[in-house]
Amino acid sequence: MLLEASAIGKSFGQLRALDGVDLAVSAGEIHGLIGPNGSGKSTLLKCIAGAERPSHGRVLFAERDITALPPSERARAGMSIKFQITSVMPALLVYDNVLLALQAHDRLRDLIASRTRRGLDAQITETLAAFRLERRAAALAGELSHGEQQWLEIAMALATGPRLLLLDEPTAGMSLEERRVTGTLLRPIKTRCAIVIVEHDLDFIRDICDVLTVLDQGRVIASGSVADIQANASVQEVYLTRV
Amino acid sequence: MLNGGSTSHGDTMTAPGTKPAPLAGSASTAPALRRRLPLVEWAVFGAFAVLPFLLADFLTVFASRLMILALLAISFDLVYGFAGIMSFGQALFFGAAGYSVALLARDLGVSSVLVVLPAALGVGLVLSWLVSSFLLLGRHPPSVTFVALGTLTAAFAAEELARSWYYLGGQNGIPGVPQLTLGHFEFSDLAFYYLVFALFAAVYLLCRALVRSQFGLALAGIRDQEQRLGFFGYRIDTFKTIIFTIAGAIAGLAGGLYAYHEGFVWPSMMGVVLSTQIVLYCLFGGVGTLIGAVLGVIAIESATYALSEQLPTIWPVVLGIILLVVILFRPTGLIGLVVSERERTGDFGRPGPGAPRGTSSDAA
């Protein structure tokens with residue numbers, strides 16, 4: 001297993017956002033996390049990435065216990081996240097945004113001497129082309145449309161060649177057409193790394209995921225293949241009564 | 001937003017379609033971003049290079065003071081303008097280094113430039129490293145307010161300490177700092193001016209290279225999205241400590257020079273008032289460009305010099321109002337009048353010269 005989160009609990013004061021959640025992701029898998037609002041999907045993702053420290057449980061990544069590691073060390077171990085809120089660097093060029101992501105693991109003295117920049121140029125162009133942004137390389141990231149910013153974020157999250165990519169609502173706020181394109185952009189990535197996606201859009205997630213885990217009120221209520229989940233009675237109940 | 005199409009000029013040159021590289025070496029493509037910052041930089045340094053031949057001696061002395069304060073302002077711009085760390089402690093490093101070299105001269109009789117300058121740099125470096133490990137390296141990223149108050153308190157405490165400590169001369173500070181020497185040579189007015197000029201230019205060039213390097217790009221990222229950068233794998237604390245320590249060393253160097261420029265040191269050299277003044281120089285001139293900080297020093301200090309005699313009582317009020325107006329209505333400062341927003345915030349060197357810019361969106 002690439003990622004094994006076991007018995008994850010997270011409380012915010014009285015609120016139990018997560019209560020004994022298990023999640024296992026194997027290499028090359030696209031794993032969808034679904035559930036109604038407030039079911040704990042984003043919190044789980046944050047606990048995996050290190051944005052939140054779980055109150056209970058532990059997270060193993062590639063057989064290594066990363067529960068107490070800060071985000072930067074998790075990233076260096078091969079984990080990458082795209083947050084729900086777009087967080088590109090608006091005042092920097094699209095090109096520089098990608099460079100920033102690509103050079104993240106370089107040695108300090110190479111960064112100070114700008115030694116890796118030239119070598120990364122081709123890779124930046126390639127990354128931008130893969131996400132249909134090559135024509136926007138010289139624009140400021142803040143000038144991109146919302147959909148383009150989301151793609152830029154995914155491009156940046158992928159740039160360092162992670163083994164696991166965490167995506168929090170990659171299609172939030174996108175038009176139908178943009179969603180469709182996002183789906184086609186994500187599918188080929190599967191050969192490179194495993195993905196965990198949090199999504200509201202069930203049609204979108206059904207199309208691209210191998211495995212689904214359904215959360216409700218901080219607990220896992222079902223986990224399995226897309227067909228299993230669609231047939232699952234308790235999942236239907238949650239979605240029919242609450243969504 | 002305008003894209004490549006609007007530049008209408010040479011479809012091969014401006015189509016950013018293929019690689020960002022095609023623009024390399026094509027400086028003649030008119031719509032490409034015209035860089036104005038280098039012009040400002042050349043103008044400022046050119047002027048300082050020839051000033052002693054144009055001005056009366058007492059104005060040359062004033063101009064060396066400008067350059068020393070400019071070094072100090074640059075040190076603040078490095079931490080705030082480039083890494084988003086609001087430091088009110090730059091005067092602390094400045095003043096502590098000033099006191100150190102004054103003590104070296106008074107107690108050990110050392111005034112050699114070969115000892116004084118490294119000592120000043122070293123004091124600034126060590127002190128800022130201590131402050132940064134105390135303020136910046138917590139479990140969670142510190143808030144701007146926390147760092148601002150922390151550095152402010154440190155500067156305030158240092159000033160009070162100097163005021164009440166007999167060994168440091170108390171209220172009167174330490175007078176009688178001699179002239180800098182190198183062997184038997186004494187750096188009198190003109191020699192001192194060019195020594196300061198050489199250091200100013202060297203520090204400026206080094207800082208300029210640093211902030212435009214890939215390291216500088218990482219700092220800009222930290223300034224805009226600190227937490228996000230951590231998730232890419234950047235060790236934010238290391239970056240912050242390095243830039244804070246470099247800035248502290250520069251402030252220390254400036255403080256050492258200032259002690260020799262004035263001939264004495266006094267408590268408010270490391271206090272809150274000077275710290276605030278540095279912040280104002282930078283906000284007035286414009287943060288995040290280095291040269292903006294220098295312009296701020298030149299503008300404020302020259303105006304003060306020229307007008308404080310005619311308007312002795314009202315000048316501080318006038319100055320305060322001018323600063324307020326600038327900060328409220330022109331947050332990019334003086335430099336924002338000269339350069340485009342695009343050049344001000346997003347200018348990092350490319351692998352190929354000029355690439356990948358070329359769209360005319362800076363006109364937008």
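Tutor: Let us begin with two helices of chain B: α3(B) passes α9(B) in a left-handed crossing. Keep in mind that this is a predicted model.

Student: What makes α3(B) roughly antiparallel to α9(B)?

Tutor: Helix α3 (residues 57–81) of chain B packs against α9(B) at an angle of about 165°, and their axes are 8 Å apart. Angles over 145 degrees count as roughly antiparallel. The value lies beyond that cut-off, so α3(B) is roughly antiparallel to α9(B).

Student: Which residues meet there?

Tutor: On the α3(B) side they include Ile68(B), Leu71(B), Leu72(B) and Ile74(B).

Student: Why is α3(B) called roughly perpendicular to α10(B)?

Tutor: Here α3(B) and helix α10 (residues 272–285) of chain B pack at about 75°, with axes 9 Å apart. The range for roughly perpendicular is 65 to 115 degrees. The angle falls in that range, and therefore α3(B) is roughly perpendicular to α10(B). Among the residues making this contact are Ala73(B) and Phe76(B) of α3(B), with Ile278(B) and Tyr281(B) of α10(B).

Student: What does Ala73(B) touch, leaving aside its neighbours within four places in sequence?

Tutor: Its contacts are Ile278(B), Tyr281(B), Cys282(B), Ala293(B), Val294(B), Gly296(B) and Val297(B). Ala73(B) also belongs to the largest nonpolar core, which has 181 residues. Together with Val98(A), Ala155(A), Leu71(B) and Ile74(B), Ala73(B) touches the most other members of that core. Helix α9 (residues 236–262) of chain B gives the most to this core, with 15 residues.

Student: How is chain B made up as a whole?

Tutor: Its secondary structure comes to 14 helices and two strands. Of its 364 residues, 47% count as buried. Among contacts in chain B between residues at least 6 apart in sequence, 77% join residues at least 24 apart.

Student: Why does Glu343(B) count as partly exposed?

Tutor: Glu343(B) has 18 C-beta neighbours inside 10 Å. A residue is buried at 20 or more and exposed at 12 or fewer. The count lies in between, so Glu343(B) is partly exposed. Glu343(B) sits in helix α14 (residues 341–345) of chain B.

Student: What puts Glu169(A) in its burial class?

Tutor: With 20 C-beta neighbours inside 10 Å, Glu169(A) meets the cut-off of 20 or more and so counts as buried. Glu169(A) is in the loop between β7 (164–168) and α7 (176–186) of chain A.

Student: How does Gln217(A) score?

Tutor: Gln217(A) has 16 such neighbours inside 10 Å, so this residue is partly exposed. Gln217(A) lies in the loop between β9 and β10 (219–225) of chain A.

Student: What is noted about phi in these two residues?

Tutor: Phi of Glu169(A) is near 50°, a positive value in a residue other than glycine. Phi of Gln217(A) is also near 50° and positive. Most residues other than glycine have a negative phi.

Student: How do you know that β3(A) is mostly covered?

Tutor: In strand β3 (residues 30–34) of chain A, five of its five residues are buried. Ile30(A), Gly32(A) and Ile34(A) are on one side, and His31(A) and Leu33(A) are on the other. In a regular strand the side chains alternate between the two faces of the sheet.

Student: Which strands pair with β3(A)?

Tutor: Four bridges join β3(A) to strand β8 (residues 194–198) of chain A, in parallel. Strand β9 (residues 211–216) of chain A also pairs with β3(A) in the parallel sense, over four bridges. Leu33(A) stands opposite Val198(A) in β8(A), and its bridge partner in β9(A) is Thr213(A).

Student: What makes β2 and β5 of chain A edge strands?

Tutor: The open sheet has the order β2-β1-β4-β5 (chain A), with antiparallel pairing. β2 (15–25) and β5 (64–65) each pair on one side only, and these are the edge strands.

Key. Residues numbered from 1 in each chain as written. Chains lettered and ligands numbered in written order. Predicted model: local features only at pLDDT ≥ 70, side-chain atom pairs only at ≥ 80, totals over all residues. Pairing = 2+ DSSP bridges. Core = buried A, V, L, I, M, F, W, Y, C linked by C-beta atoms within 7 Å. Contact = placed C-beta atoms within 7 Å. Axes fitted to C-alpha atoms, helices over the stretch in contact; angles between N-to-C directions. Parallel < 35°, antiparallel > 145°, perpendicular 65-115°, else oblique. Left-handed = near helix turned anticlockwise from the far one by under 90°.
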